[in-house]
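Colleague: I am new to this structure and would like to go through its rings, pockets and cavities. Could you take my questions one at a time?

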Amino acid sequence: MSNNLESKIIPVISVKELLKKQQLRIPEYQRPYKWTERNVHQLIDDIRDNLDKSAYRIGTLVVHNNSENNSLDIVDGQQRTITLFLMAYFICGGMKKNESLRDRVLTGEEKTADYLPASKLEFTNPISKDRISQNAAAIRSRNSDILNEKFLKFFFEKCELVWVQINNISEVFQFFDSQNARGKDLEPHDLLKAYHLREMNNSSTEERLQAVTKWEEMDSATLSKLFSQYLYRIRNWGKGHSARYFTKNDVGVFKGISPSSAGEFPGMKMLQIADCYIDCHSRILRQHLDFPFQIDQVIINGKRFFEYVAFYSGMVSQLEEGKGKFLNYEISLANQHQETCRWRAGDTLVRNLFFCALLYFVDKFGEKYLDQAATRIFVWAYTLRLKLSRIGIVSTDKYALAWGYTVPMFKIIRDAATPQEVLNTKLERFVENNANKVDDIYHQIKKFWGEK
């Protein structure tokens, strides 16, 4: 974090002062409101347990002074701020019904409405709306803890937040890239979302909102799995790089080139042409046309990155369910075996190895040769299951890279110009069984090699 950013920390503000802020807004790059009832109860308990102290520091609120929208965009502290607003709405409703309590809490000419949030936060995401409804009910259930003079005076006057105001949009994303959100650590994909929205600085708010619509429809667990178990592994294994764990240090794998600068480099010219063609086709003919993504391509920063993620999220979903273009016997067998041995991490890793290689093949050559490719890639992947009684991420990673093994399947797919180059790959013949509860797999591989 720059000294410039740190210097913008001003004296703490009370919850009462927070509620008077009139321009607070939740920007489009923020995640949905996801605090659970447990988080809400914990916050209320923390306040209650500190009532005898001179003050209680709730946390930090970082806002961006957005001159374009004339708003104070919440950068960090969204979850807690929304919850404080929900509590304020409940408290004001309670004071309206309890004149005695209202008279003891309000001072001078104050009215109950003075304690309502001055900023009207808007929510369109169904996840946020659902959580707000659930958490409002959780707050109501704490009626006896909250609606008393001691709690209310402490809540409004003595509960404090550190206020950090950022004036430069680049510092907003610097903050995302360098800090953890209080209360919940940012995932690698959160950092990527912030980075690629920053790459859309010259786009309108509407364009940015549209770009992240499908992203916001996916929960954090789905995005984490998509990146860590599929996109990151395929992109790395194809290049001959290890891909055991996807961390914040690896987000550079999904940072590429901006469309505006792609034309400067001859090697990127095709990407720029494709990007321009897709936009012109949609704008002039009013017809949607998917970008011709390849899973291992150079990432086009900004809008195309979000489209890339949505595109492969759909493919992975079909693959794991064995539906659509991925309706296939070996996929079904892999899923059935996984269901039988779902408690074994090794079987999960081998199925992922199989799925990654098959996805890589279909992404490059289409589904015309799916059945042939699925059979051979299944044999290649599950041979590892027969070889080893215990399988971990290290042995899976080494197998994918052919470190100590004979078939670098991902490199073969990456280098192949035609599907036949993959389908004609000589596989290692191994028909022994060193694992337990893999009779279905063993039978299929023996069948492939013409053994009974």
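**Rings, pockets and cavities**

Modeller: The structure holds 28 aromatic pairs. The model is a predicted one.

Colleague: Why is the pair of Phe354 and Phe378 classed as it is?

Modeller: The ring centres of Phe354 and Phe378 are 5.5 Å apart, and the planes stand at 90°. Planes over 60 degrees apart count as edge-to-face. The pair of Phe354 and Phe378 is therefore edge-to-face.

Colleague: Which helices does that pair link?

Modeller: Phe354 and Phe378 are 24 residues apart, and their pair links distant parts of the chain. Phe354 is buried, at a relative accessible area of 0%, and Phe378 is buried with a value of 0%. Phe354 belongs to helix H18 (residues 345-365) and Phe378 to helix H19 (residues 370-387), so the helices linked are H18 and H19.

Colleague: How is the aromatic pair of Tyr360 and Phe410 arranged, stacked or edge-to-face?

Modeller: Tyr360 is in helix H18 and Phe410 in helix H21 (residues 409-415), so this pair ties together parts 50 residues apart in sequence. Both Tyr360 and Phe410 are buried. Their centres are 6.2 Å apart with 25° between the planes, and the arrangement is stacked.

Colleague: Lys21 has its charged end over a ring; which ring is it?

Modeller: Two such placements can be named. Lys255 lies over the face of Tyr195, 4.5 Å from the ring centre. For Lys21, the charged end is 4.3 Å from the centre of the ring, and that ring belongs to Trp163.

Colleague: Is Asn335 buried or exposed?

Modeller: Asn335 is part of helix H17 (residues 329-340). Leaving aside residues up to four places away in sequence, Asn335 touches Glu320, Glu321, Gly322, Arg351 and Phe355. Its relative accessibility is 18%, and the cut-off is under 20%. Asn335 therefore counts as buried.

Colleague: Which helix gives the most to the lining of the largest pocket?

Modeller: The largest pocket holds about 1100 Å³ of space and is lined by 31 residues. Helices H11 (205-211), H12 (213-217), H14 (259-262), H15 (269-285) and H16 (303-321) each supply at least two residues of this lining. The most, six residues, comes from H16.

Colleague: Which residues are closest to the centre of the second largest pocket?

Modeller: About 620 Å³ of space lies in the second largest pocket. Its lining divides into eleven nonpolar, eight polar and seven charged residues. Of the 26 lining residues, the closest to the centre are Glu28, Glu122, Thr124, Asn125 and Leu209.

Colleague: What gives the largest share of the lining of the largest cavity?

Modeller: A search of the whole structure finds two cavities of 30 Å³ or more, and the largest has a volume of about 80 Å³. The elements giving two or more residues to its lining are helix H10 (188-198), H12 and helix H13 (220-238). The largest share, three residues, comes from H10.

Colleague: How many charged residues line the second largest cavity?

Modeller: The second largest cavity has about 30 Å³ of space. Its lining consists of Val379, Trp380, Thr383, Tyr399, Val407, Leu427 and Glu428, and H19 supplies the largest share, three residues. By class, five of the lining residues are nonpolar, one is polar and the number of charged ones is one.

Notes: Residues numbered from 1 in each chain as written. Predicted model: local features only at pLDDT ≥ 70, side-chain atom pairs only at ≥ 80, totals over all residues. Heavy atoms only, no water. Helix = DSSP H or I, 4+ residues; strand = E, 2+ residues; numbered from the N terminus. Buried < 20%, exposed > 50% of the residue type's maximum accessible area, 1.4 Å probe, protein only. Contact = heavy atoms within 4.5 Å. Phe/Tyr/Trp six-rings, centres within 6.5 Å; stacked < 30°, edge-to-face > 60°. Lys NZ or Arg CZ within 6 Å of the ring centre and 35° of its normal. 1 Å grid on protein atoms, 1.4 Å probe; cavity = no way out; pocket = protein on both sides within 12 Å on 5 of 7 lines; lining within 4 Å. Points joined across faces, edges and corners; volume = space filled by probe spheres on them. Nonpolar A, V, L, I, M, F, W, Y, C, P; charged D, E, K, R; others polar.
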